[in-house]
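Keep the picture open as you read.

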Amino acid sequence: MSMRWAVESRENGHMVRISGSITEEADLHALVALGQGKDLRLDLAGVDEINSCGVREWIRFVRRVSETASDLELVRCSPAIVRQLNMVSNFRGSGRVTSVMLPYYCDACGAEQERYLELGGADAPPEIQETVACERCGEQAEFDDLPDSYMGFIGLLPAGRVGR
Amino acid sequence: MTLGTLADATRWAPPDAIAFVGGESSSCGGIARLLRRAVGEVSQVTTLEQLEDVSAFALVAVDYDALSPEEQADMVASFALRSNRPTLLLLSERNVKDDLALLFGSRILTNMLVVDASGPDASDLLVTVQKIRHGEIFGLEKYFVWGVEPRSLSVTSSRQKGATIDEIDAYVRRIGVTSRLRSLIRTVADEFLSNALYNAPVNPDGSSRYGSTPRTEVVELSPGERVEVRYCCDGRRFGLSTTDPFGSLAPNILQDYLARAFRAGPDQISETPGGAGLGFYQILGSLSHFVVNIDPGRRTEMIGLVDVSGSFRTFASGGKSFNIFVTERSR
């Protein structure tokens, strides 16, 4: 599914909800203009896939937005986005990562679900709940990744770039 | 079948001889026994230096975890300096991600197999060793038991990329693979196809045909240059392969791309026209086992294997194996 986005104007800037796959076809130029002199908040919960050329397009985008926007905030980062935050240096540019989505998998019924996690400051490492109740069958759904690896990108961020 | 001694190792070694370098631990003993049972005579030593003439061996398997960091660095330096070196196979239980920039950068890393508490996967070990010894390197089937029948597709245009990925995705969805693992498989299919369509084609003089072409531009191959796509699953592992008829990928190019990506420095992403230089890195990160088979000037086959037996967490905790095989006549 190709990339889509929807813009919601706010007092000091814009909230942009991005979803789908970020690939070489992703056109992020229009979003650069939205950030000009304003706060730009990117909701990334709907991004399910990024390929190597998509990573390059994304980095070019955050680099330009970092220069022009007054503030760049990445919220509700999907597991696909978190994966790239952990693999690619400077994937967030000068943006602040303030929240992520945590994936859970229920072995009993095979259901997958995500939970929201707000990141505190650099001095308050976030705690991941190992299990949550499955929304489908009520059994225990397990966190579907390795906790240290999933949150590894926090150690890569300079202080002050993890939340406010 | 005997487990050779140090004296055996240094006295004489047949051209397909295998040496195993490991400590005195029970896990090392287990690996040595597995090798011996699977492939016959194996010369076992505890340090690389004890193999006086490593070039006498076709394969030197090393228990990477049994070496201290200093010994690991010495091994890299020692192998990197040899012009006529045997194939090196590293066996490791731990996550060696932090070492990969050095290992790929030295260009000595062509084979690494994950070892778990019960030792390496016997089938993967046997396939790796026999491919090195006998040179029959091609085929997705080698990684599956008899009876698994791969499905096949042919691709001659980048316009077919999306539909091909969707077809593979529909298959893995049907067999019940979780959405996070499906996303990895889509990424691998995308990168394999981009590589086969844009990076692999060369002109008669060997120059790259579409390497600098933006990936948003359509490229078309002739029917004789079609890319073969194959995929299958045995219930535990999903396998995907693409084969191009060019054989233009050089192992050192692959190693250099991976070394640069794992260094994660300012040059991690290529800003030159064409690909982003991250494809192999994304592929390795998305697979349990990445295999590249090259017959220079004739054929390149990329094989990706993903553990789909459980959740994403099962996959992520499983470690990564990696092989580059090049046909014997071109070594």
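## Chain B as a whole

First things first: this is a predicted model. Chain B contains 10 helices and 13 strands. If you follow its C-alpha trace along the principal axes, you get a span of about 60 × 45 × 40 Å.

How does the radius of gyration of chain B fit a compact globule? A compact globule of 331 residues would have a radius of gyration near 20 Å, and chain B has 20 Å, so the two agree. Buried residues account for 45% of the 331 residues in chain B. Now take the contacts in chain B between residues at least 6 apart in sequence: 72% of them join residues at least 24 apart.

## A covered helix

Take a look at helix 7 of chain B, which covers residues 179-199. From its first C-alpha to its last, this 21-residue helix reaches 29 Å, close to the 30 Å you'd expect at 1.5 Å a residue.

Helix 7 of chain B is also mostly covered, with 20 of its 21 residues buried. As a bit of background, an α-helix has 3.6 residues a turn, so residues three or four places apart point the same way.

Next up is strand 12 of chain B, residues 299-307. Why can we call this strand largely enclosed by the rest of the structure? Because 7 of its 9 residues are buried. Strand 10 of chain B (residues 237-244) runs antiparallel to strand 12 of chain B, and 8 bridges join them. Strand 11 of chain B (residues 289-295) is antiparallel to strand 12 of chain B too, with 7 bridges between them.

You can pick out I303(B) in strand 12 of chain B: it is the bridge partner of S241(B), and V291(B) stands opposite I303(B). Strands 11 and 12 of chain B form a hairpin with 3 residues between the strands, and there G297(B) takes a positive phi near 80°.

## Where the chains meet

Which residues bring the two chains together? On one side are 23 residues of chain A, in contact with 24 residues of chain B. The elements of chain A that give two or more residues to this side are strand 3 (39-50), helix 2 (52-68), helix 3 (79-87) and strand 6 (99-105). Helix 2 of chain A supplies the largest share, 5 residues. By type, the chain A side divides into 10 nonpolar, 4 polar and 9 charged residues.

Methods:
Residues numbered from 1 in each chain as written. Chains lettered and ligands numbered in written order. Predicted model: local features only at pLDDT ≥ 70, side-chain atom pairs only at ≥ 80, totals over all residues. Buried ≥ 20, exposed ≤ 12 C-beta atoms within 10 Å, placed from the backbone. Helix = DSSP H or I, 4+ residues; strand = E, 2+ residues; numbered from the N terminus. Pairing = 2+ DSSP bridges. Contact = placed C-beta atoms within 7 Å. Nonpolar A, V, L, I, M, F, W, Y, C, P; charged D, E, K, R; others polar. Rg over C-alpha atoms; globule rule 2.2 N^0.38 Å. Expected span 1.5 Å × (residues − 1).
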